[in-house]
Amino acid sequence: MKSPSRRKFLKMVGVGGAALAAGAVGGSAAASDGLKINNDNVAMLYDATRCVGCKACMTTCKRVNLDSGSLAYEQAEFDPDGLWDAPADLSGDTRTLIKLHKESPTKWAYVKHSCMHCQKPSCVSVCPVSAMTRDPESGIVTYDKGICIGCRYCQIACAFNIPRFQWDKALPQIVKCDMCKSTELPRIGTTGCASVCPVDAIHFGKRGDLLAEAQRRLDAEPEKYIQYIYGAQELGGLNHLTIAGFPFEKLGLPIVGDQPPAEFSEKIQHTIYKGFIAPVALYGSLCYVAIRNMKKAEQHNGTEKKGDDA
Amino acid sequence: MSHHDDYQTHQAKILTPSFYVLLTLTLIGFALIALRFIKGIGAVSNMNDGYPWGIWITYDVATGTAIACGGYAMAILIYIRNNMQYHPMIRSAVLTSLFGYGLAGFSVMVDVGRPWNSYNFFIPSRWQVNSAMFEVALCVMAYTTVLLIEFLPAILTTIEESKWRRMHAFLDWLEPHIKPNRAAVLSKLELVRLGAAWLRPKLNKVLIFVIVLGITLPTMHQSSLGSLVLIASTKVHPLWHTGFLPLLFLINCIYIGFSIVLIESIISSYFFKRPFEIKELSGLAKIIPALTLIWLTVVIGDLAWRGHLGTALALDFYSGFFLLEFCLVAGGSLILFNGRKRESVRWLFVSAALITIGGALYRFNVYLIGFQPGKGWHYFPSLAELMITVGIIAFEILGYQVLVKVFPVLPKLHLDLHLPYGQGRHLPEVKGSKA
């Protein structure tokens, strides 16, 4: 009498395992078929060969977003008198940063670090309470501190380590670029950093136009550039594009491939759950088995007969 | 379902030396938690933007809930595989699970930066079904409630049979100060007792549906704990980043669950000076190597399929931790394949400990050791951070110690089945005399 329930159980485990396996196989083989890159999104093009490192973008970003973005000026260790705002990296106080890549003492390149505004953002995919959202029209990825629980899963998920957390505050929040969505963008129609760049190293516009502009620059001066637009395909497309004269990896822009990780993980999760049908089915069949087992045990006790009748 | 005579309250003093040691550790931990809420997470922890999840998530949540899977593993064995002979062991397993899960939830509240926003989990418009974290959070909350209901019969039985000795002592102590109305208090207590007596049979009728829910929920969230890091495809080392993470985490928690039941039972018997439940233990021990064998096969097969067997044998930092995890689980299982060693408490304990440590190391490897956010990022937990985790573990053990002496949790001793403590430790004789 014992074997049917066992068989049933094994069958269920088998079904679950098969679902998992199917998810794993399907997931890894998946191309980004469901995803279409939207070139009508707003975007920014950063040209590392033009950047002169004046950091006007950094100071402007901080000035216009200080309150709404909970930013702050940072004091460096070398600066006891507090003369500079000198962030060493993106942080809970800074969401746009110009870094200097030193190839040799006489060869260098500036590089801008800020949110890439992915077309399929991992941070949005993982946020359990929808505090991180992507506006499908503009493509801007925004953070809402009024909803955020501070779990920092977005930081785990982001391939570029962009979202930063305020470790030193009792009431902390996540800090990341939102393309001046509530400040400069509605006011002057462009981002703070792009509006002040004196050499047009940061160019704001429609993604499609920026791709064409980037390609025009690569074609016009091929010896100056690496023939590649970083962000055109990365992780299913970024809305922050970069062109440069040095390999992007050296500038701190990692090689991440074209597949959005969120597509892979969501596929597996949804394959397992099948729109919550799978858990309900599992519960139902387990209830059936368990209640039958209980009845059998009670019968055993009732007849007070020991031994297995299997 | 009248199984409540399977259990007994352990009759012993509550205020033992170990009680005070654990209490001290708990208080230190909770003082540091207070500091964290006043001065921010950075004040007590070494976590940083590259390693936003440290030891709290890796141990207290990802590993702690696996260690708390004893209740889950036993429920599968008893109610689904129909092995009712293990029923007396489930209540202590449920109690450990309750502490493990309850405190994992508590740790999350310490770890998250904006806990006051957690109510968003209950607002459907904020639900984000793409997030494995959302699934884990809801399941863990639901499962903790389920465990509480599963443990409720123990509490109700105690209330029903209580002589209110402590209450009387308290009233006696009050007497000289503020003459309490004894009759009124006692009639209220009688009401509570009647309420418990009314509730218990009603609860018993529906309990099986709760128990099955207690099997469904861990199946969901333990696999989701594996899904949680799937998205960090550029950060988790290829030795551990695979589409099979959900399956591996699920099997992993079940064999850790059984191993923990072994360890917990052996330690309880040893420290509470009760005979070892050797027959049940060796029965359980037979299941574990079957599970680890499946798990190890999936691990190896997946590595081979993805072409990373060479990475596993590269003998660098990552391969070292992988091999350690692998050998601990495989080594512990090898011992358990041996029928004679399964009859020995010592070997059972050693192998269960090896498998638990190996299985836990797997989770550490996935969440922390194999996590590489990029150049320049380092993490090692700070002392304060560790002490918060130690405090929470101490509180867990403390609570278990106290509650088994207050409620009927441990299996009832059947003198015809077990020899006294002294002889129970020499196992071959136990086996012989039982047969």
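Let's start with chain A, which has 9 helices and 9 strands; both are DSSP runs numbered from the N terminus, helices being H or I with at least four residues and strands E with at least two. This is a predicted model, in which local features need pLDDT of at least 70 and side-chain atom pairs count only at pLDDT 80 or more, while totals for chains, interfaces and linings use all residues. Residues are numbered from 1 along each chain as its sequence is written, and chains are lettered from A and ligands numbered from 1 in the order in which they are written.

Of the 310 residues in chain A, 44% are buried. A residue is buried if 20 or more other C-beta atoms, placed from the backbone, lie within 10 Å of its own. Take contacts next: two residues are in contact if their C-beta atoms, placed from the backbone, lie within 7 Å. Among the contacts in chain A with a separation of 6 or more, 65% join residues 24 or more positions apart.

Strands pair if DSSP finds at least two bridges between them. Strand 1 of chain A runs antiparallel to strand 8 (residues 202-206) of chain A, with 5 bridges, and parallel to strand 9 (residues 240-243) of chain A, with 4 bridges. Follow Tyr46(A) across: its bridge partner is Ile202(A) in strand 8 and Thr242(A) in strand 9.

Now move over to chain B, where 53 residues are in contact with 58 residues of chain A. Helix 7 of chain B gives the largest share of the side of chain B that touches chain A, 11 residues. For the complex, the predictor gives an ipTM of 0.87 and a pTM of 0.87.

Inside chain B, Leu386(B) is found in helix 13 (residues 383-406). Leu386(B) counts as buried because it has 20 C-beta neighbours inside 10 Å. Leaving out residues up to four places away in sequence, Leu386(B) touches Ile55(B) and Pro381(B).

Finally, a look at confidence: pLDDT is the predictor's confidence in each residue, from 0 to 100. Chain B has a mean pLDDT of 88, but pLDDT stays under 50 over residues 415-435 of chain B. Where pLDDT is low, the predicted coordinates should not be read in detail.

Terms used:
A residue is buried if 20 or more other C-beta atoms lie within 10 Å of its own, exposed if 12 or fewer, and partly exposed in between; C-beta atoms are placed from the backbone.
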